[in-house]
Amino acid sequence: MREDFLSFYDGLQELTRKPTDQIIAGTREMGAEEFIAQHVKDWNVVAWLLVPALDRALHAYIAGRCRLRALQIQVALDRYRKDAGEYPEELKTLAPRYLKEVPADPFSGKAFRYRREGEGWVLYSVGSDQEDDKGREVERDDTGQQGDIVYRSLAGEGDQ
C-alpha cells in the first residue's frame, strides 16, 4: 500500500510541473479515476476515496492562480487608466510598462479575454470547461465553475 501511495504522489508531483492548461486538458481526457488507476492497485480503497477530492483540489488550485493573474491585470488596468484617463482597448497595451508581460489564462494557456464596456471593462477566463462563453457566467457544479470566470471593473460605481 505504501508503494501505491508513493507512486500516486510521484504522479501528482509530475502533474503539477505541467502548465495548468495542460493539466486541465490531460485530466479531461484521462479523468481522475484513470489517473489514479495508473498509480494504485484496485484494492487500495483509501486511494480511490481521493478521486472526488482530487478533481476539486485541482480546480481550486487553478482557480486560485486565475484569481491572482486576473488581479495583476486589474491593477495594471487601473494604473493605465490613471495615466491615460481611460482603459486600454487591448490587454497587450499593458506590457511592458504596467506588466512585464500579460499573464495567460491558466485554464486555457491563452490570453484572458478582455473588452471595454461603457466606461469600464470585462475581463474573463474561459474556466475549467475551456469554452469561451463570451463573458457569460454559468452556474457552478460539483467540480466548480462551469462557464467563464468573469471580473468586471467598478467604473461608474464611484471608483473614479
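Reader: Is Ser-108 buried or exposed?
Author: In this predicted model, the relative accessible area of Ser-108 is 15%. The cut-off for burial is under 20%. Because 15% falls under that limit, Ser-108 is buried.

Reader: Which backbone nitrogen does the side chain of Ser-108 reach?
Author: Ser-108 lies in the loop between helix H5 (51-84) and strand E1 (113-117). Setting aside neighbours within four places in sequence, its contacts are Asp-21, Arg-113, Val-126 and Gln-130. At 3.0 Å, its side chain reaches the backbone nitrogen of Lys-110.

Reader: Is Ser-125 buried or exposed?
Author: Ser-125 sits in strand E2 (residues 120-125). Its relative accessible area is 0%. Burial requires a value under 20%, so Ser-125 counts as buried.

Reader: Which side chain does the side chain of Ser-125 join in a polar contact?
Author: Not counting residues up to four places away in sequence, Ser-125 touches Cys-66, Asp-105, Phe-107, Phe-112, Asp-148 and Ile-149. The side chain of Ser-125 also reaches the backbone nitrogen of Gly-127 at 3.1 Å. The side-chain polar contact, at 2.8 Å, is with Asp-105.

Reader: What share of the contacts in the chain with a separation of 6 or more comes from residues 24 or more positions apart?
Author: The chain has five helices and five strands, running α-α-α-α-α-β-β-β-β-β from the N terminus. Among contacts with a separation of 6 or more, the share from residues 24 or more positions apart is 50%.

Reader: What percentage of the 160 residues is buried?
Author: The accessible surface of the chain is about 9,700 Å², with 49% belonging to carbon and sulfur atoms. Of the 160 residues, the buried share is 40%.

Notes
Residues are numbered from 1 along each chain as its sequence is written. This is a predicted model: local features need pLDDT of at least 70, side-chain atom pairs count only at pLDDT 80 or more; totals for chains, interfaces and linings use all residues. Side-chain values use heavy atoms; hydrogens and water are left out. Helices (H or I, at least four residues) and strands (E, at least two) are DSSP runs, numbered from the N terminus. Buried means under 20% relative accessible area, exposed over 50%, partly exposed in between (1.4 Å probe, protein chains only). A polar contact is a pair of N or O atoms within 3.5 Å; within protein, one must be able to donate a hydrogen and the other to accept it, and residues adjacent in sequence count only if both atoms are side-chain atoms. Contact means heavy atoms within 4.5 Å. Accessible areas come from the Shrake-Rupley method with a 1.4 Å probe; for residues, only the protein chains shown count as cover.
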